Amino acid sequence: MIFSFYPLGDSAVVIKLGEEISKPISNNIQALCAWLDEYTFEGFVEYTPAFTTITIYYEPWIVNYREMENLLQEMMGSILDNKVKTEPVIIEIPVLYGGSWGPDLNFVAEYNNISIEEVIAIHSAAAYLVHMIGFAPGFPYLGGMNEKISTPRKDNPRSKIPAGSVGIAGKQTGVYPIETPGGWQIIGRAAVDLFDINSAVPALLKVGDLVRFMPVSETEFMQIRGGKDGY
Amino acid sequence: MGIKVIKGGLLTTIQDVGRYGYRKDGIIVSGAMDTVALRMGNLLLGNSEMEAGIECTLLGPVILFETDQLVAITGGDLSPAINGCPIPMWRPVIVNKGSTLSFGKPVVGCRSYLTVYGGFKVPKVLESCSTYLRAKIGGWKGRALKAGDFIPFRKPYEFSVAKFNWSPDQKMYPDYSGQIIRVIKGPEFDLFTEKSIITFFTEKYKISMEADRMGYRLDGPVLHLSDKKEMLSSAVAFGTIQVPGQGMPIVLMADHQTTGGYPRIAQVISADLTQLAQMKSGDYITFELVTLAMAQDLLLNREQQIKQLKQTLTFKYG
């Protein structure tokens, strides 16, 4: 594993594992997250994993940059030595595709010259890898979407996208955990919350999880929501 | 026992030092823009540094105290007054039951902090009382304070001393008068043209009208990349200076999102974030390059000073 360190300001250090999105890099980042969950050190604040990097925030009056580098060298060494085999967790997300729940589904189908049914079939066939969480609480950056349903972002982003909206932007797919403005093509609505502030673990997904979207009917959707949001 | 908000002010929110530990879940840190002012306000009252206070922005709120309380106003000088009479900043002040705290003209800086003895009784969300406005989480119902809000105190103020005759050495107050903001190189510093680097450190940048808790957009000479790479999103920090496509830098502030995908030319040193937090639209910034070692030394000094203050004040409060 090739890696490099660099400072992100005086209170964070970035470990970079590569230039391109890849499964092996994602696995290594997961292993680093697991290591940091297990062994914290004095001065450690928290970490944020991303596509090819993991950023560690620390208190420099307790441990300075040089000391951090040494610590991280040791950490990298022990990760490499013990190939941490973490079984990926598969999360199934029920989705109500189309209609008023997925107002851009028609556009995605037309843009790609396929039928709506094919878009749904392709979108729900894959197991997507969660590469990182960012942009909004619990928002997953998912890898592995079939390019047959790639669709560019909307020229005019919507000022409000309901929480739970499942969208496509370019080659990426994702789910909006909270209501925000956005330019993604919305193809459906997830029946589970990706972010729940009242839960002990507020974000449903984490780096390394695998996500599968499961098409459900309107009735099933209502049952799962169980009367939440006034449905 | 608590305060009643009579007028909300421009942007008045409950903030503590920030919500840490959840950035990997996309939950931002938020917290006070000027954490040093908040911490000092708390220490002046014998509170834990971590207590939540009220951050007032430019146009301060009007607040009625329903019971006696000991307060401190720190940070920018927004002309605080009790019942119309100006009160000193950076020291404990007794507010009598039925009195009104109000603010007037901004004199220095733009963000002022109201801390109270024992802190406010505000529920913690994910271990912090800071307000995440965008996600409507934390603080007071996830939003800015408005007229009619009643915020309880954690405990009553029952000291007999009517007046405090001391305040910390003026050397301890942050100096908000500067225009120079020190930075270290950002991760993508080398991707910028030599000309742009020189420009960045010699020209003044003005804080535009688009400046808020999320970030300050700066107006000034455009910055160019010599190597235009599409970047993968990765983590950013308070003080990260990003340069999006059109070449105008944005400095990320307390409510910045956890990750970003724009090139990062520089990173404001933590010791200068308090200065930056007190700058507003129309103010000019000159950036100065320092080393990482120096940045960390400055931060170490600052923490030592705050620790000293804490020790001195613990002695006073017993």
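Modeller: Buried means under 20% relative accessible area, exposed over 50%, and partly exposed in between, with a 1.4 Å probe and protein chains only. This is a predicted model, where local features need pLDDT of at least 70 and side-chain atom pairs pLDDT 80 or more, while totals for chains, interfaces and linings use all residues. Residues are numbered from 1 along each chain as written, chains are lettered from A and ligands numbered from 1 in the order written, and side-chain values use heavy atoms, without hydrogens or water.

Colleague: Where in the chain do D255(B) and R213(B) lie?

Modeller: Their side chains meet in a salt bridge of 2.9 Å, N to O. D255(B) is in the loop between β17 (250-252) and β18 (259-260) of chain B, and R213(B) in the loop between β13 (205-211) and β14 (215-219), 42 residues apart. Both residues are buried. For contrast, look at E210(B) and R217(B), whose closest N and O atoms are 3.4 Å apart: E210(B) is exposed, at 52%, and R217(B) is partly exposed, at 34%.

Colleague: How many residues does the largest nonpolar core have?

Modeller: A nonpolar core joins buried Ala, Val, Leu, Ile, Met, Phe, Trp, Tyr and Cys residues through side-chain atoms within 4.5 Å. The largest here has 76 residues, and those with the most contacts inside it include F65(B), F200(B) and I265(B). Helix α1 (residues 35-44) of chain B gives the most to this core, six residues. A second, separate core has 30 residues, among them I25(A), I29(A) and V63(A).

Colleague: And how much area do chain B and chain A bury between them?

Modeller: They bury about 3100 Å², 64% of it on carbon and sulfur atoms; buried area is the accessible area (1.4 Å probe) that two parts lose on being put together, summed over both. K24(B), L232(B) and Q296(B) supply 20% of the area chain B buries against chain A, more than any other three residues.

Colleague: Which side chains meet in a salt bridge there, and how far apart are N and O?

Modeller: E46(A) and R23(B) do, at 2.8 Å, and the rule finds one salt bridge across this interface. The elements giving two or more residues to chain B's side are β15 (234-235), β19 (264-268) and α4 (292-317). Of these, α4(B) gives the most, with six residues.

Key:
Helix = DSSP H or I, 4+ residues; strand = E, 2+ residues; numbered from the N terminus. Salt bridge = Lys/Arg side-chain N within 4 Å of Asp/Glu carboxyl O.
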